[in-house]
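Here is a briefing on one protein model with a ligand. Please look at the structure first, then read the notes by topic.

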Amino acid sequence: MAIRISRRDFAKVALSSLGLATRRVLIVAALAGMTAPGHAQGLPPDAAQVKARATEAKMTDDERFGLLRNLMVVNFKTRKRDDRVPKDMPQLAGWTQGVPRLGIPDLLFTDASLGITNPSHGRVGPDGKPDSGTALPAGMAMGSSWNVPAARRVGAMLAAEAKQRGFNIHLGGGVTLVREVLGGRNFEYFSEDPLLSGLLGGEVVAGTQANGVMATLKHLSMNNQETNKFRLDARVDPAAHRESDLLAFQIAIERGHPGTLMCGYNKVNGAYNCGNGPLLQDQVKGQLKFPGFIHSDWQAVYGWEFAAHGLDMQSGAQLDEQEWFDEPLRRAVADGKVPRARISDMVRRILYAVYVSGIDKWQGPQGTPDLAQHQALALDLSRQGVVLLKNDKVLPLAPPQKATIAVIGGFGHLGQVLGGGGSSLMEPIGGTTLDVRLGGEGLLARVPNIRLIAPGPVQALQEQFPDATLVYDDGLFPERAALLARRSDVVILNLIRYEGEGYDNPSMALPWGQDALADAVLSVKPGGIVVLQTGSAVSMPWRNKAGAILQAWYQGQAGATAVAEIIAGKTNPSGRLPVTWYESVEQTPRPKIVGAEIAPGSADTMVEYKEGAEVGYRWMAKTGKEPLYPFGHGLTYTRFAYSDFVVKGGDTVRASFTVRNIGDRPGADVPQVYLTDANGETRQRLLGFDRVELKPGESRNVTITADPRLIARFDGKANTWRIGGGSHRIVLGPDAQTVAASANVTLRSRSFGR
Ligand code: BGC
């Protein structure tokens with residue numbers, strides 16, 4: 001069922017209800033939003049704790065239990081609107097009843113990984129069309145920018161578009177590490193590295209919460225594959241878990257102070273994430289001291305007992321077998337199976353998050369975001385998130401006068417791929433140009449959905465090359481595409497792959513015969529340009545014949561423009577791989593996705609993450625393998641040189657160096673500092689990086705102080721981090737494999753908590 005929202009009316013109400021003084025405060029706060037800490041709009045943490053306690057004490061039991069679950073407005077299973085949800089509540093992921101008499105707002109949860117979503121087109125905007133929002137580049141594309149300050153701007157943008165609709169909790173923040181090159185949801189996650197993911201996730205949260213909307217980090221934890229995720233046990237050494245996926249969460253929590261975390265579908269070491277005491281109680285709330293609340297993913301709760309193991313809120317409660325956190329939990333409390341104090345704790349945690357993020361200070365749609373500014377941000381991010389993998393002096397392209405440019409494949413005449421499938425998929429401003437339901441098995445059959453948005457490659461390239469004749473071929477027949485290639489001056493292959501929630505990719509190949517297409521075209525036109533729109537690394541058996549390869553990932557609404565600008569040389573590429581680009585799946589710890597051969601949900605499966613914390617480039621270092629393109633790799637049209645590399649040891653690593661643009665055009669570099677060896681043991685860790693924009697001839701001094709947890713090992717028995725001391729090799733380079741400079745430093749042996 002669709003609810004009509006009139007943005008103008010909401011904006012009017014919001015403005016007229018503000019006095020002049022309030023308006024000034026809001027403007028100042030909005031400007032400060034770029035740099036303010038994560039809880040700038042709410043109470044300081046201590047005050048929020050005190051207030052949460054005081055409010056909880058005044059609540060009735062019905063009010064308390066009302067806060068412990070959220071309901072889907074339209075039940076995903078029955079596709080019917082739930083009568084318990086207020087009639088004027090717009091379609092969104094989840095709604096929790098507030099307590100008006102105590103100033104506790106309703107909680108309105110919206111997906112927000114790539115923008116503010118509109119599930120099943122259930123909301124209608126003022127123009128009668130599905131309510132739409134700014135469609136950002138996917139997490140992986142954002143990860144490719146290595147741009148930490150930009151992540152904060154993304155958070156602020158998401159907050160503005162959520163507030164416009166009156167939504168006060170975001171479900172973005174995918175800091176799960178990419179462990180499987182075949183993972184269907186990789187596109188939503190930032191990277192394979194805890195530091196990069198932690199920083200970006202933390203900044204998105206900080207940007208959101210600085211603007212008065214609560215933010216989430218997800219999916220806690222080890223939700224690294226989609227296959228059979230409802231019955232999957234992820235086995236990982238708890239100490240290695242702390243050094244990898246949990247460290248990403250920890251860094252993001254410390255940086256962004258999210259009000260809430262979402263626990264994922266799978267089990268970790270034998271217990272479902274959302275009912276996993278050792279994970280939620282001992283590690284996250286205990287050792288990591290997370291003060292907010294943990295809510296479940298949608299359909300991830302299997303009993304009221306989950307409350308006793310650390311879950312504070314059941315999400316999408318209608319999807320589970322029972323609404324466990326209502327009657328069943330009330331009974332368990334009455335029977336003395338769950339202490340009353342735990343219910344108070346759950347409620348206080350939710351209230352703490354409300355007060356600290358300040359979402360009790362406003363209600364209903366607020367303001368009219370500057371969509372032109374949001375479009376500019378999306379384009380800016382796309383310019384930084386496209387990775388130039390290979391360039392045999394083909395780019396930037398200088399075509400002959402009146403050239404014929406062939407664009408082949410991927411529906412490039414219609415649009416570019418908007419995003420991956422599933423809960424993050426956007427309803428973009430201006431709508432889509434192609435929308436294909438791919439279908440599939442079971443309840444998730446409704447999810448696979450390939451969406452394209454204009455401008456596509458043909459249109460965007462024509463804008464950059466107005467004198468050229470652009471000819472499009474659908475690529476369905478390699479022979480026909482090769483004939484066009486032969487008579488064209490330039491060939492641009494536009495290769496795409498659908499990826500999304502619910503399904504992993506069966507291999508690293510491109511679907512629909514596109515590898516054969518690329519081979520046929522590049523065989524007659526060696527040196528052609530390839531643009532990939534995929535969510536993960538692909539195998540590219542034709543790559544030696546290509547002159548240039550650009551990985552565009554899924555770039556949201558502005559990607560084709562950014563790619564065309566890069567091809568034309570108007571934008572200097574600066575994206576860097578946030579994941580390892582393996583030569584083949586055989587190089588990874590698990591060449592096969594566990595459980596791929598069974599019907600989803602038909603049996604229990606188990607994945608042993610034997611690589612522990614040695615994820616991605618760390619695994620390559622441990623096994624001495626060379627990937628096709630290393631983590632951190634990305635080419636540019638200028639050149640950078642590093643000098644004056646000085647490293648100090650002691651309690652942690654402090655590295656400084658100078659980076660200089662020695663080429664002839666402005667560009668951005670991402671110098672990276674790694675630990676590669678600890679006392680003779682091969683151990684690679686990204687210790688720090690910076691994204692530096694430099695004009696030709698310009699140089700910058702960079703200093704990096706390593707978070708000691710990146711150097712240490714976690715001692716699970718003593719629950720402490722431990723730096724073994726002795727000699728450590730520190731490397732400066734443009735990626736995880738290239739050594740530009742190195743030094744050995746001595747570190748002091750020590751242990752430390754948290
Ligand atoms: C996804 C979550 C999402 C939720 C609500 C689930 O299917 O796993 O990431 O936030 O749906 O839409």
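The model is predicted: local features need pLDDT of at least 70, side-chain atom pairs count only at pLDDT 80 or more, and totals for chains, interfaces and linings use all residues. Residues are numbered from 1 along each chain as its sequence is written, and side-chain values use heavy atoms, with hydrogens and water left out.

**Ligand site**

- R185 places a polar side-chain atom 2.8 Å from a ligand oxygen atom.
- In the side chain of H219, an N or O atom is 2.8 Å from an oxygen atom of the ligand.
- For the side chain of Y265, the corresponding distance from an N or O atom to a ligand oxygen atom is 3.1 Å.
- The ligand on its own has 310 Å² of accessible area (Shrake-Rupley method, 1.4 Å probe), and the protein covers 89% of this.

**E499**

- E499 sits in the loop between β18 and α17 (514-524); helices (H or I, at least four residues) and strands (E, at least two) are DSSP runs, numbered from the N terminus.
- E499 counts as buried because its relative accessibility is 1%; buried means under 20% relative accessible area, exposed over 50% and partly exposed in between, with a 1.4 Å probe and protein chains only.
- The side chains of E499 and R497 make a polar contact at 2.9 Å. Such a contact is a pair of N or O atoms within 3.5 Å; within protein, one must be able to donate a hydrogen and the other to accept it, and residues adjacent in sequence count only if both atoms are side-chain atoms.
- A polar side-chain atom of E499 also lies 2.8 Å from the backbone nitrogen of G535.
- Beyond four places in sequence, the contacts of E499 (heavy atoms within 4.5 Å) include G183, G184, F187, G420, N505, T534 and Y554.

**Strands and a loop**

- An open sheet of three strands runs in the order β2-β3-β5, with mixed pairing; two strands pair if DSSP finds at least two bridges between them.
- Its edge strands, β2 and β5 (169-170), each pair on one side only.
- β3 (residues 107-110) pairs with β5 in the parallel sense over two bridges, and F109 stands opposite I169 in β5.
- M89 lies in the loop between α4 (61-66) and β2 (94-96). At 8% relative accessibility, M89 is buried.
- Elsewhere, β22 (residues 640-648) and β23 (residues 654-661) pair in the antiparallel sense over seven bridges. A641 stands opposite R660 in β23.
- The hairpin of β22 and β23 has five residues between the strands, and G650 takes a positive phi near 100 degrees there.

**Helix α15**

- In α15 (residues 457-464), the buried residues are P457, V458, A460 and L461.
- They pack against β13 (404-408), β17 (469-473), β18 (490-496) and α18 (559-568).

**Nonpolar cores**

- A nonpolar core is a set of buried Ala, Val, Leu, Ile, Met, Phe, Trp, Tyr and Cys residues joined through side-chain atoms within 4.5 Å.
- The largest has 134 residues, of which L68, F325, L329, V653, L687, F689 and I730 touch the most other members.
- Helix α13 (residues 340-357) supplies the largest share of this core, ten residues.
- Another core, of 41 residues, lies apart from it; L182, I408, L495 and V579 are among its members.
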